[in-house]
Amino acid sequence: MKAVELAKSYNPKDFEDRIYQEWKEKGEFGPKKDAAGEHFSVVMPPPNVTGILHMGHALNNSLQDIIIRYYRMTGRPTLWVPGTDHAGIATQNVVERQLKKEGLRRQDLGREKFIERTWLVKEKHHDIIKSQLEKMGCSCDWEHERFTMDEGLSRAVREAFVTLYERGLIYKGKYLVNYCPKCGTALSDDEVEYENMPGKLYHVRYPYADGSGYITVATTRPETMFGDVAVAVHPEDERYKAIVGKLLCLPLTDKRIPIIADSFVDREFGTGMVKITPAHDPNDWECGRRNNLEAVNILNPDGTLNDNCPQKYRNIQAVEARELVVKDLEDGGYIVKIEDHAHDVGHCYRCHTVIEPYLSDQWFVRMKSLAEKALDALKKSDIVFYPRRWENTYSHWMETIRDWCISRQLWWGHRIPVWYCKDCGQVIVSREDPTCCPKCHKSNLEQDSDVLDTWFSSWLWPFSTLGWPEETEDLEKFFPTSTLVSAYDIIFFWISRMIMSSEEFLGKAPFRDIVITGLVRDIQGRKMSKSLGNGIDPLEVIDQFGADAMKFTLCYMAAQGQDVLIDMNSFKMGSRFANKIWNATRFLLMNLEGRNLVKVDEKDYSVMDRWIYGQLNSTCLAIQKAMEGYRFNDAAQSIYSFFWNDFCDWYIEESKQKLLHGSDEEKDRAISILMDILESSMRLMHPFLSFITEEIYQKLPNHTGDVIVASYPVFDEKRCYEEAHALVASLQEVVRTVRSVRSNLQIAPEKKLKVVFRPSKDFNATALISDELVFVSSLVGASSFVIDDDMKESVDGAFPANGLGYECFVFVRDAIDVDAEIGRLKAEIAKAEKNLAGVESKLSNEAFLKNAKAEAVEKEKSKRAEFLEKIKKNSEHIKLLSSF
RNA sequence: GGAGGAUUAGCUCAGCGGGAGAGCGCCUGCCUUACAAGCAGGAUGUCACAAGUUCAAUCCUUGUAUCCUCCA
């Protein structure tokens, strides 16, 4: 057999793009025809077509890719559906910003042209996103790619809307909604972000209508007083019980408003009296409804005061009007005092403009019955969150849910499938575009001008992407999906709603396992953001370190549910590991020269062979458990320590003796096992380091097909080889003991020294060390390594070191610092004595002996023996050293 | 105001009631022909604080402090 040449160093750019194209061309991302067993499917959280992917996407998609590749290799029919989201407000804002630069508004283009232009932006960003996902190595099935506004999904949206309407779960109503004056649209409750801001609290006098004095109310927004319809006090507030029902004069107007009682009033806040402005405050809205009060809207859609206000204030922006009103109140002697007051102010989650509560006609989904089904799904464990603690958050949201405002006054999105007959006023809600009014049969119809909230399409994602409402083969085969991976910031927007819609339309949960990842932050724990400039671009990481390094590093750091704090340097870890894999492979492939691969029978395994196969096997188990529990960091760590610490540091090192100095037969045998382990390792590591393992796998003489579709190594109970594990652990301990002596004494590696090794009679690894004498000698730099189990060797003048069950004597008469060594040994004795004291106190404690598990007692006893031995040996060694 | 999370080595973080761990960084010595992106050895900890439960607490319970997030 010929050696296989590998480039001198690991350079991911040489093969990552090529391999991705090969996979794609061979169609290896889609579900296999011959796959068997339960399906495994995942839908990708669709990125917004506004932007480019950030580290959060990299984390999210890396984990999905790992899961998908893992299950694909286990042989199950596996599907990962990619796609993008039209992101209504966000995308529209991008286009409007572009227009603004050209001095245009969207109205200048008109709806149709504006949407055409938005599609262009969508196409451009979509292409960027797709190429980014490919760069990352995501093995999603591009044949199944979807966009929330493509034809099929638009049908699903209509179906959902009309079905809910028919079930009485969608209604149109006048309602106080969150209104963003800048975006010019209503927002759902969840789209409002609150921020504590400094403001003023104005204490204003409202005189009694009968002239018998006045009361004082506190407000942060005096300009809304024109919409006041009452002043409320707490019904049990003793101070004000007597005045409930009295009328007040509303200053600056000639209006009369009553004092009412309502228990929502906070008696501690301000004067304990609040003005009620139903059209401009959510709490007041609820209060107004409870008390049958009129809602007086005082604002125009552009945020200026309207005709419900006195002439003087009309058509002035609210903020300016406030100053004017305050001045007039002051002039009129109505202001008692003005205090500084910080309070929470709602902002638009897209443009961060201050939200205005605004009374308008909007469409809503009645959420209560949907939420109940979604809660049941959790109670029945149809869905499980990883980590579990998110289940509380989910339940709480479901229990306190409010109706969902789904209409948006935007152009980019799904038009609401509602038409109005201009002749007879008939409202038509239809799956198909109607041509005439079913009531008056005239065709003078006008479609509702609003579009639906973006989330109204994404909440159907797990089944709309599979063809719903058609009963497609995909839907049959891959629904419900298996696992959803998402960050916690969209549990409410998206995850919860998907569960509701799926329960409502398909009668089951859309996925079973919900993996909630942390957020990716910078090394100081701050969110990565454009304004801070602290973001890391995944493409830059890939450029510097490779996609494998990025994926592996993220996986290694993704402890369940924890935020991931990283900087550019963090990715060195994955990059070094990949380099290690590359070089280990290079070495092994070099050694193929002139060799024949042979089948080594299990019964011919040496102890070291059994050990490495045992380690490989237990790593399979560790990974299986880690994947089942979505403990990605555990999986990454198992792989890392197996390949690097076990395989490279010990097994390959041991094999070198045979590869370099063995007979042809020994060489064949050694390289065959090495290639076998290497081949298994590539399959084992493929989900986590996809490109490098494929590149290497193709070059292995013992490979079959592509690793992406190879079978995943399976844990085998019969191949644990625990005794080999214990033996090798002992051997490693002996090696470390001698190395430590040499290192502490600063003995140059090239200086070979005689070592006498004295095992106790029951030391388990004496035979192994004897068999591996050449290996051990080379690791410890011994000129000769004498196993002296009958205490015949003279150790005069040798430097002693001891371990559990053995002593080593290193012949280093020259060049040692006797005093320093004595100091070190004394420190060890002190530590052992401290540990011994702890053990003794346990063992002299009758309660411990009585209550503790037998193994625990035994363990303490063996610890005692160990510490005693250490103290004894070290004392002897100090004596010996003192005589030097 | 309510809920959740975090607090372990210089940094980022694992950790399963019974002798404190990893990666990076640091110190020392080595280019031992796979890898200096490497090898070997080493140092570094009141496991935030205080009680409680337990034979035994970094781990369980309660409280406190600090920080973060979400909800209202």
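Me: Is Arg388 buried or exposed?
Reply: This is a predicted model, in which local features need pLDDT of at least 70 and side-chain atom pairs count only at pLDDT 80 or more, while totals for chains, interfaces and linings use all residues. Residues are numbered from 1 along each chain as its sequence is written, chains are lettered from A and ligands numbered from 1 in the order in which they are written, and side-chain values use heavy atoms, with hydrogens and water left out. Buried means under 20% relative accessible area, exposed over 50%, and partly exposed in between (1.4 Å probe, protein chains only). Since the relative accessible area of Arg388 is 52%, this residue is exposed.

Me: Which residue meets Arg388 in a salt bridge?
Reply: A salt bridge is a side-chain nitrogen of Lys or Arg within 4 Å of a carboxyl oxygen of Asp or Glu. For Arg388 the N to O distance is 2.9 Å. The partner counts as buried at 12% relative accessibility, and its name is Glu391.

Me: Which residues are joined into one network by salt bridges that share partners?
Reply: The structure holds 52 salt bridges. Shared partners link some of these into one network, made up of Arg18, Glu22, Glu695 and Lys699.

Me: How many residues apart in sequence are the parts that Arg322 and Glu223 tie together?
Reply: Arg322 forms a salt bridge with Glu223, with 2.9 Å between the closest N and O atoms. Helices (H or I, at least four residues) and strands (E, at least two) are DSSP runs, numbered from the N terminus. Arg322 lies in helix H8 (residues 318-331), whereas Glu223 is in the loop between strand E8 (214-219) and strand E9 (230-233), so the separation in sequence is 99 residues.

Me: What is the relative accessible area of Glu223?
Reply: Glu223 also meets Arg221 in a salt bridge (3.5 Å, N to O). Arg322 is partly exposed at 24%, while Glu223 is buried, at 1%.

Me: Which residue is the bridge partner of Cys249 in E11?
Reply: E10 and E11 (residues 256-261) run antiparallel and are joined by three bridges. In E11, Cys249 has as its partner Arg256.

Me: Which residue in E19 stands opposite Val418?
Reply: E19 belongs to an open sheet of three strands in the order E19-E18-E20, paired antiparallel. E19 (427-429) and E20 (445-447) are its edge strands. Three bridges join E18 (residues 418-421) to E19, and opposite Val418 stands Val429.

Me: How many residues in the lining of the second largest pocket are charged?
Reply: On a 1 Å grid over the protein atoms alone, a pocket is an open set of points where a 1.4 Å probe fits, with protein on both sides within 12 Å along at least five of seven lines, and lining residues have an atom within 4 Å of a point. The lining has 24 residues, with Asn802, Gly803, Leu804, Glu828 and Lys870 nearest the centre. Asp, Glu, Lys and Arg count as charged, Ala, Val, Leu, Ile, Met, Phe, Trp, Tyr, Cys and Pro as nonpolar, and the others, Gly among them, as polar. Eight are nonpolar and eight polar, and the number of charged ones is eight.

Terms used:
Two strands pair if DSSP finds at least two bridges between them.
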